[in-house]
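Hi everyone, thanks for coming. Let me put a model up on the screen, and then we can walk through a few spots together.

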Amino acid sequence: MQLFYAPDIVPPDYVLSEEESRHCVRVLRLGEGDELHLADGRGTLYRCVVSDPSPKHCAVHVVETSEEFEKLPYDLVMGVAPTKNNDRFEWFLEKATEVGVGEIIPLESDHSERRVYKPERGEKVITAAMKQSLKAYHPLLHEMTSFKEVVCSGFKGRRFIAHCDKPRSADGKKYLADTLRKGERVLVLIGPEGDFSPAEIDLAVKNGFEEITLGNQRLRTETAAVAATMMVSVVNNMK
């Protein structure tokens, strides 16, 4: 399957961007009558045939539509503090998109290594990962958001905070994979290399967040974020 991202598609006919047209015609060497697929990023997959193989304005015609293509059986929102090295955070964006995530919130916390995050490059990373992994859903990447705003937003679903400090609640910190249930809407917060501050952890617990651990090993921010994403996917896909 050759997949292209077309968020503005209005079927039955569509013209690829100049960049995508060049890739389609010059790189993939698709010609008139050849088949490709478009995804609108909202779950609809379009099977198309090339009607005009122009290397600058390649036109396609939709012949079949599939709605909610491979929709995830869960709703995951990841709140992650961007790393000082932007490549590491983009690695997380790529892998989370491949595994399955609905929304990603770059978190600004007390110990953040990065206070400003421009999502333009991140959007390109997500789009490329979406196409490479043949998905019809494009994860929503938010602007940088303060920890307090996320914690106090009234998220409807289960809320988790991973941290390395001592537990605040009597139940202690639970292993994420053990406490998850299938089909849940979930928000998971992953802090910076210096962890969340004690005040942030207190605020999260006060606002109904469950304290979690991802295991005994010490993980970098982006590794922890991918591990959490993977745990949610595995639990929801177990028979």
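Predicted model: local features only at pLDDT ≥ 70, side-chain atom pairs only at ≥ 80, totals over all residues.

Residues are numbered from 1 along each chain as its sequence is written, and side-chain values use heavy atoms, leaving out hydrogens and water.

Let's begin with alanine 59, which sits in strand S5, residues 59–66 (strands are DSSP E runs of at least two residues, helices H or I runs of at least four, both numbered from the N terminus). Is alanine 59 buried or exposed? Its relative accessible area is 15%, so alanine 59 is buried (buried is under 20%, exposed over 50%, partly exposed in between, with a 1.4 Å probe and protein chains only). Aspartate 13 is 46 residues away in sequence, yet the C-alpha atoms of alanine 59 and aspartate 13 are 7.2 Å apart. Setting aside neighbours within four places in sequence, the contacts of alanine 59 include Tyr14, Val15 and Val49 (contact means heavy atoms within 4.5 Å).

Over to helix H7, where we find glutamate 222. Glutamate 222 has 8% relative accessibility, so it counts as buried. Which residues does glutamate 222 touch, beyond those up to four places away in sequence? They are Thr83, Arg88, Trp91, Phe92 and Glu193.

Last stop: methionine 238, in the segment after helix H7 (221–237). Methionine 238 is partly exposed, because its relative accessible area is 46%.

Thanks, happy to chat!
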